Amino acid sequence: MPIQEDNNTPVAVMCIILNKEDQFDSLTRNLIISILDTSTLAIQRIREAEDKRQVALTMRQEKLRYDLLRGISHDLRTPLTTISGNADMIRSQGDKLSIAQIKELAQSIYNDSNWLTQMVENLLSMTRITNGKFKITRRPELISEIFNEALDHIAPGSETHKIIVKVPNDLLMVNVDAQLIMQVIINIVNNAIQYSPEDSEIDLSVSLKIDKALVTITNNGPQISEEVQKHLFDLFYSQGENSFRRHGMGIGLALCQTIIHASGGDIGVYNRIPRGVSFYFTLPVWEAKK
């Protein structure tokens, strides 16, 4: 009989029974053997499928590591080179530079270092997600306080824009992990600062939609094509030099999507007429139990 299985499996147990004294007539015995053969084939296919799944998972993890390393090496090089070059100029030629020139170089160093800090925060968060250590601790939080705290940590450059916050109900509370939602707001506002003209407005607003709080962040920068919108929240998505993401490893908006979905909300983007872009996401509203 062409059945070979580990001695612990149900198939092996049945084989032992069949190999003992003639307890079955030939028809029953042949039927059982046929069932066992089919079961063995099914087990083999399940094992092959699991092996393929493990190989695919390993390949995906390796690709993720490669993409992270490629992104880190490429996207850290530019700001680090700028920081190093500006610092060296101040160090070696500081006595020949005017105060205005030194301030300009120092501001550039400050801007790039803050941008690096935000990118590293995103990278660490995404690493926790891929390692399965991503946890959300939800608490009732005032949405107005989340806005204010997030805006205190945005990258340098906000002074060149007018940021307007519209919260009709200052007592509106959401059931979220405030730290993670702050990171979402920071990423989107930083994008708006980078891609919208100086002296333009960036509007943050919130409205109540049944049991959800709808947060909208609007800027009047260039619109995003429908094709790019389809992939804008994909991890490591890039369109090259003309991409919506001129800087970064393509993890900021992917991280935003992961956080919002894990928080029980939705996230998206749409173009405004005649110009501008709005990012939006929803958050669960907290209500005191009666």
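Visitor: Why is Asp199 called exposed?

Guide: Asp199 has 70% relative accessibility, so it counts as exposed; the cut-offs are under 20% relative accessible area for buried, over 50% for exposed and partly exposed in between, with a 1.4 Å probe and protein chains only. Asp199 sits in the loop between H5 and S4. Its phi is positive, about 70°, although it is not a glycine. Most residues other than glycine have a negative phi, and most peptide bonds are trans.

A word on the source: this is a predicted model, in which local features need pLDDT of at least 70 and side-chain atom pairs count only at pLDDT 80 or more, while totals for chains, interfaces and linings use all residues. Residues are numbered from 1 along each chain as its sequence is written, and side-chain values use heavy atoms, with hydrogens and water left out.

Visitor: What makes Ile210 exposed?

Guide: Ile210 has 79% relative accessibility, so Ile210 counts as exposed. Ile210 lies in the loop between S4 and S5, and that hairpin has two residues between the strands. Ile210 is not a glycine, yet its phi is positive, about 60°.

Visitor: Is Ser263 buried or exposed, and how do you know?

Guide: Ser263 has a relative accessible area of 2%, so Ser263 is buried. Its place is in the loop between helix H7 (252–262) and S6. Leaving aside residues up to four places away in sequence, Ser263 touches Ile136, Arg138, Ile181 and Pro284, where contact means heavy atoms within 4.5 Å.

Visitor: Which peptide bond is cis, with omega near 5°?

Guide: The bond from Ile273 to Pro274 is cis. Pro274 is found in the loop between S6 and S7.

Visitor: How do you know what counts as a helix or a strand?

Guide: Helices (H or I, at least four residues) and strands (E, at least two) are DSSP runs, numbered from the N terminus.

Visitor: Why is H4 called oblique to H5?

Guide: Helix H4 (residues 143–151) and helix H5 (residues 178–195) pack at an angle of about 55°, with their axes 9 Å apart. That angle makes H4 oblique to H5, because angles under 35 degrees count as roughly parallel, over 145 as roughly antiparallel, 65 to 115 as roughly perpendicular and the rest as oblique. The axes are lines fitted to C-alpha atoms, for helices over the stretch in contact, and angles run from 0 to 180 degrees between N-to-C directions.

Visitor: Which residues of H4 and H5 meet?

Guide: Ile146, Phe147, Glu149, Ala150 and Leu151 of H4 meet Ala178, Ile181, Met182, Ile185, Ile186 and Val189 of H5. The residues of this contact divide into 10 nonpolar, no polar and one charged. Here Ala, Val, Leu, Ile, Met, Phe, Trp, Tyr, Cys and Pro count as nonpolar, Asp, Glu, Lys and Arg as charged, and the others, Gly among them, as polar.

Visitor: Is the crossing of H5 and H7 left-handed or right-handed?

Guide: H5 passes H7 in a left-handed crossing, whereas the crossing of H4 and H5 is right-handed. The rule is that a crossing is left-handed if the near helix is turned anticlockwise from the far one by less than a right angle, and right-handed if clockwise. H5 and H7 pack at an angle of about 145°, with their axes 9 Å apart.

Visitor: What makes S2 and S6 the edge strands?

Guide: Strand S2 (162–166) and strand S6 (267–271) each pair on one side only. They belong to an open sheet of five strands in the order S2-S4-S5-S7-S6, with mixed pairing. Two strands pair if DSSP finds at least two bridges between them.

Visitor: How many bridges join S4 to S5, and in which sense do they run?

Guide: Seven bridges join S4 to S5, and the strands run antiparallel; Leu204 has Ile217 in S5 as its bridge partner. S5 and S7 pair in the antiparallel sense too, over eight bridges. S2 and strand S4 (residues 201–209) run parallel and are joined by five bridges, and in S4 the partner of Ile164 is Asp203.

Visitor: Why is S5 called largely enclosed?

Guide: Six of the eight residues of S5 are buried, so S5 is largely enclosed by the rest of the structure.
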